[in-house]
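Visitor: I would like to go through this chain one element at a time. Please show it, and then take my questions.

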Amino acid sequence: MPHLTIEYSANLDSRVDFAKLCRTIHATILGTGLFELGAVRVRTIQSRDYAIADLLPENGFIDMSFRIGRGRKAAEKKVTGEAIFKAVSDELSSLFETPHFALSLEIREIDPELSWKKNAIHPRLRASNG
């Protein structure tokens with residue numbers, strides 16, 4: 001259940017290749033070796049309306065939320081978060097050249113008692129690897 005959601009300010013549409021960023025994050029998540037291919041989801045949500053800091057129109061943000069199931073050690077979660085944050089920071093380094101960009105990441109564990117899932121992708125991928 002590793003789902004990473006990228007919420008971002010609409011003024012970044014012309015400055016960030018979000019399809020590429022999603023693939024970078026996807027590869028980074030898989031590179032940790034902690035998550036199964038069929039479970040990884042990376043997606044974007046554009047925020048059309050927002051008010052950031054001093055309200056300058058050039059201010060932009062990317063806020064990433066990484067939801068994972070329970071069962072990983074704190075050290076594993078920390079290494080994963082650091083890997084994702086570094087990969088994104090590296091890919092978006094040009095945005096930090098101006099004082100108008102904010103990047104954040106939070107990892108959240110999902111309570112298995114309060115989470116329902118139905119996935120036809122897992123069986124297909126498991127069969128092709130088995």
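Guide: Buried means under 20% relative accessible area, exposed over 50%, and partly exposed in between (1.4 Å probe, protein chains only). Helices (H or I, at least four residues) and strands (E, at least two) are DSSP runs, numbered from the N terminus. This is a predicted model, in which local features need pLDDT of at least 70 and side-chain atom pairs count only at pLDDT 80 or more, while totals for chains, interfaces and linings use all residues. Residues are numbered from 1 along each chain as its sequence is written, and side-chain values use heavy atoms, with hydrogens and water left out.

Visitor: What span should helix H1 have at 1.5 Å a residue?

Guide: The expected span of a helix is 1.5 Å times one less than its number of residues. H1 has 14 residues, 18-31, and the distance between its end C-alpha atoms agrees with the expected span. That span is 20 Å.

Visitor: How wide an arc around the axis do the buried residues of H1 cover?

Guide: The buried residues of H1 are Phe-18, Leu-21, Cys-22, Ile-25, Thr-28 and Ile-29. They lie on the same side of H1, because the arc around the axis, taken from the directions from the helix axis to the C-beta atoms, is only 130°.

Visitor: Which exposed residues sit on the face of H1 turned away from its buried side?

Guide: The buried side of H1 packs against strand S1 (3-9), strand S2 (41-47), strand S3 (60-69) and helix H2 (74-91), where contact means heavy atoms within 4.5 Å. The face turned away from that side carries the exposed residues Arg-23 and Gly-31.

Visitor: Which residue caps the N-terminal end of H1?

Guide: At this end, a side-chain oxygen of the capping residue lies 3.3 Å from the backbone nitrogen of Ala-19. Just after H1, Gly-33 takes a positive phi of about 75°. The N-terminal cap is Asp-17.

Visitor: How many residues apart in sequence are the parts that Lys-20 and Glu-91 tie together?

Guide: A salt bridge is a side-chain nitrogen of Lys or Arg within 4 Å of a carboxyl oxygen of Asp or Glu, and Lys-20 and Glu-91 form one with the closest N and O atoms 3.8 Å apart. Lys-20 lies in helix H1 and Glu-91 in helix H2, so the pair ties together parts separated by 71 residues.

Visitor: Which strand holds Glu-109, the partner of Lys-77?

Guide: The side chains of Lys-77 and Glu-109 meet in a salt bridge, 2.8 Å from N to O. Lys-77 lies in helix H2 and its partner 32 residues away in sequence, so the bridge ties H2 to strand S4 (residues 101-110).

Visitor: Are Asp-49 and Arg-48 buried or exposed?

Guide: Asp-49 forms a salt bridge with Arg-48, and the closest N and O atoms are 3.1 Å apart. Both residues are exposed.

Visitor: What separates the C-alpha atoms of Ala-39 and His-122?

Guide: Ala-39 is found in the loop between H1 and S2 and counts as buried at 7% relative accessibility. Leaving out residues up to four places away in sequence, Ala-39 touches Met-1, Pro-2, His-3 and His-122. Ala-39 and His-122 are 83 residues apart along the chain, yet their C-alpha atoms are separated by 7.1 Å.

Visitor: Which residue in S2 is the bridge partner of Thr-5?

Guide: Six of the seven residues of S1 are buried. Two strands pair if DSSP finds at least two bridges between them; S1 and S2 run parallel and are joined by seven bridges. The partner of Thr-5 in S2 is Arg-43.

How values were computed
A polar contact is a pair of N or O atoms within 3.5 Å; within protein, one must be able to donate a hydrogen and the other to accept it, and residues adjacent in sequence count only if both atoms are side-chain atoms.
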